[in-house]
Structure formats: structure tokens, C-alpha cells
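Visitor: I am new to this structure and would like to learn how to read its features one at a time. Could you take me through it slowly?

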Amino acid sequence: MTVGRLLRAARETLREAGLRGCILVRDLDTGDELGLDTDVVLPVASLVKVPLALATVERLERGELDGATPVTVPPGRVRTPGPTGLSRFRHPATVAIDDLLYLSVAISDEGASDALFSLTPPGEVAATLRRFGIDGISVRHRTRDLTDTPAERFAPDEVHLAHSLAASATTAGQGHPVPQLDVGRANAGSARAFVELLHALWRPSRIPAPVAARVRELMGDNLLRQRLAPDFSSDASRWSSKTGTLLNLRHEVGVVEHADGQAYAVAALSESTVPAAVQPQAEAALAQVARELHDALRATHR
């Protein structure tokens with residue numbers, strides 16, 4: 001199949017699942033890549049926790065923070081489905097910085113992430129990315145803002161109304177009445193920007209090697225495996241990643257490392273037009289397209 005036919009088929013697969021997908025796959029050694037709408041900027045939801053981890057780990061490496069330092073995290077008391085970990089706690093918890101990093105990346109804990117943002121604010125995280133030459137990712141606010149969406153204002157049997165608003169109210173300039181979905185106000189980025197970040201973490205040059213190694217380790221511990229992981233994990237490959245989910249947004253960025261030494265960065269960002277919270281077909285379609293682009297790229301190097 002030619003590249004043109006492959007990309008057309010990929011768009012059709014996503015369209016049939018109700019998705020607009022922005023996907024990029026890159027060979028980390030040759031730089032060769034395949035993608036769809038790779039420079040489109042979207043709100044990134046919990047993907048922001050990767051830059052947060054990078055900035056935090058770098059401060060640990062420089063000695064500005066001590067990983068053993070205990071931090072008292074107030075209870076989140078969140079009762080709506082989705083948020084995990086400390087966000088759902090009913091009582092204060094004291095957790096070391098190193099362990100907050102694990103909770104933030106491995107289970108996407110909003111409470112742990114906000115505790116880390118209290119130590120390294122969004123502006124400082126954004127400055128860290130710029131210092132390492134990684135452009136195109138905007139870090140503007142803490143993760144607690146992600147939980148204050150219209151979904152929290154509807155009864156469980158009315159959540160589809162929040163998803164309908166999310167899917168239908170985007171303006172031509174990608175503004176949105178829901179702040180978390182407005183690229184001018186939200187944490188935002190493109191598939192290409194996140195692949196650049198992954199490339200810098202897996203093939204470090206400007207990022208200190210110990211810092212990159214720790215962030216890779218955190219992403220390798222990711223416990224959320226419902227999206228791309230089923231298509232990229234096997235006995236002969238390792239999948240390290242971070243997911244991002246908010247209303248109609250379904251994202252995942254990661255690196256697959258094969259037993260033969262080849263490694264590919266994958267960024268799959270998507271927004272759904274279907275007003276439903278649970279969309280297994282969308283999850284499967286996103287993974288299918290990402291895997292097909294990966295397989296086509298990998299085939300050229302055999």
C-alpha cells in the first residue's frame with residue numbers, strides 16, 4: 001500500500017469511529033516518520049504530567065528538591081468517575097516527592113500532580129521545556145482545573161450532555177466555551193511537539209541522561225493500558241507511555257522499544273464527535289491507526 005492510500009485509509013478508520021486524530025510515529029534512530037495532522041494543536045489534558053515530571057526530576061538532579069521530602073496533600077474528595085489516587089482521598093495524606101512523581105505519571109493522579117505543581121509552577125515547567133529546546137507545548141495551569149468541567153455538573157445519566165457540548169462547541173479558531181478545551185487557555189500541544197519531547201527523553205542530548213532515564217522509568221510504570229498499549233505491548237517489545245483523557249479528548253504518547261533494538265515514538269491525540277463518555281470503538285480505532293502507521297514505517301527498515 002502506498003503512503004497516500006495508507007493515510008487515507010487511516011483517516012477513514014478514525015472517521016468511522018467518530019474521531020479526528022492527530023498522529024505521528026517516528027523512528028528514533030533515523031528520524032523517519034509518518035503521520036496525520038501532526039502540527040494541529042489540541043488541549044493535552046493529563047499529557048502535561050510528562051513535562052511536569054521532567055521539570056521536577058531535573059530539580060531533584062540539581063539538588064533543588066529532595067525526593068525524600070514529605071508533602072502533605074489535602075483530600076480531593078472527588079466523587080465523579082475518572083480521577084484516581086489522592087484525588088479521591090477523604091483525608092490529608094503525606095507523601096514523599098519521589099512517590100508523588102510515581103502517582104502522577106503511573107496512575108495519572110491529579111492530587112499528586114498538583115502537589116508537584118505547587119513545588120514547580122506551570123511557568124517554570126514551560127521554561128524547562130524551552131531551555132531544553134522543546135517547543136510547541138503550552139503549560140498554563142495546574143491539573144486541578146481539569147476536574148472542573150461541565151461533566152461534574154450533570155447527573156450520571158446526563159453526562160452525555162457534557163460530551164455533546166464538548167464535541168459541538170469548538171470554534172473555527174479552536175476556541176471553546178469549556179476552558180479546558182480552548183487551546184488558547186488550556187495546556188496544549190501537537191503530536192509533533194510531544195514526539196520531540198519523547199525523542200529528547202529517549203535519545204537525550206540536551207536533557208541530562210539521569211533525568212531522562214528517570215522520566216522514561218516513570219512512563220514505563222504507566223498502569224493505564226486501555227488505549228494504545230494493547231497494540232504495542234508484547235513479549236518482544238516494551239511500551240512506555242502517558243495517557244490523557246478529558247471529555248471528548250483521548251490521547252496517548254509513548255515509545256515502543258523492540259527486542260531488535262529499534263525504537264519508535266508515537267503520539268496519538270484525538271477528539272471525538274460522539275457524545276458519550278465510554279467509547280471502546282474509539283479507543284480501538286486510535287490504537288489500530290497508530291499501529292498501522294508504526295508497522296508501515298518499521299517495514300521500510302527491514
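Predicted model: local features only at pLDDT ≥ 70, side-chain atom pairs only at ≥ 80, totals over all residues.

Visitor: Is H258 buried or exposed, and which residues is H258 in contact with?

Guide: Buried means under 20% relative accessible area, exposed means over 50%, and partly exposed is in between, with a 1.4 Å probe and protein chains only. H258 has a relative accessible area of 11%, so it is buried. Contact means heavy atoms within 4.5 Å, and, leaving aside neighbours within four places in sequence, H258 is in contact with A236, S237, Y264, H294 and R298.

Visitor: How many helices and strands does the protein have, and what percentage of its residues count as buried?

Guide: The secondary structure comes to 10 helices and nine strands, and 55% of the 302 residues count as buried. Among contacts between residues at least 6 apart in sequence, 67% join residues at least 24 apart.

Visitor: How should I read two helices that pack together, and at what angle do α2 and α4 pack?

Guide: Two packed helices are described by the angle between their axes and the distance between the axes. Axes are lines fitted to C-alpha atoms, for helices over the stretch in contact, and angles run from 0 to 180 degrees between N-to-C directions. Helix α2 (residues 49-62) and helix α4 (residues 110-119) pack at an angle of about 45 degrees, with their axes 10 Å apart. Angles under 35 degrees count as roughly parallel, over 145 as roughly antiparallel, 65 to 115 as roughly perpendicular and the rest as oblique, and α2 and α4 are therefore oblique to each other. Their crossing is left-handed, a term for a near helix turned anticlockwise from the far one by less than a right angle, with right-handed used if it is clockwise.

Visitor: Which residues of α2 and α4 meet?

Guide: On the α2 side they are K49, L52, T56 and R59, and on the α4 side E110, S113, L116, F117 and L119. These residues divide into four nonpolar, two polar and three charged, where Ala, Val, Leu, Ile, Met, Phe, Trp, Tyr, Cys and Pro count as nonpolar, Asp, Glu, Lys and Arg as charged, and the others, Gly among them, as polar.

Visitor: At what angle do α2 and α7 cross, and which residues make the contact?

Guide: The axes of α2 and helix α7 (residues 191-202) cross at roughly 35 degrees and come within 11 Å, and this crossing is left-handed. V50, P51 and L54 of α2 make the contact with F194, L197 and L201 of α7, which gives six nonpolar, no polar and no charged residues.

Visitor: Where does T120 lie, and which residues does T120 touch?

Guide: T120 lies in the loop between α4 and α5 (122-131), and at 1% relative accessibility T120 counts as buried. Not counting residues up to four places away in sequence, T120 touches L52, A55, T56, R59, L65 and V125. T120 and A53 are 67 residues apart in sequence, yet 9.8 Å apart in space, C-alpha to C-alpha.

Visitor: How many residues of helix α3 are buried?

Guide: Seven of the 10 residues of helix α3 (residues 97-106) are buried, so α3 is largely enclosed by the rest of the structure. The buried residues of α3 pack against α2, β4 (70-73), β5 (93-96), α4, α8 (209-220) and β7 (237-246).

Visitor: How many aromatic pairs does the structure hold?

Guide: Rings of Phe, Tyr and Trp (its six-membered ring) pair if their centres lie within 6.5 Å, and planes under 30 degrees apart count as stacked, over 60 as edge-to-face and the rest as tilted. The structure holds one aromatic pair: the rings of F232 and W239 have their centres 4.8 Å apart and their planes at 20 degrees, so the pair is stacked. F232 is buried, with a relative accessible area of 0%, and W239 also counts as buried, at 3%.

Conventions. Residues numbered from 1 in each chain as written. Heavy atoms only, no water. Helix = DSSP H or I, 4+ residues; strand = E, 2+ residues; numbered from the N terminus.
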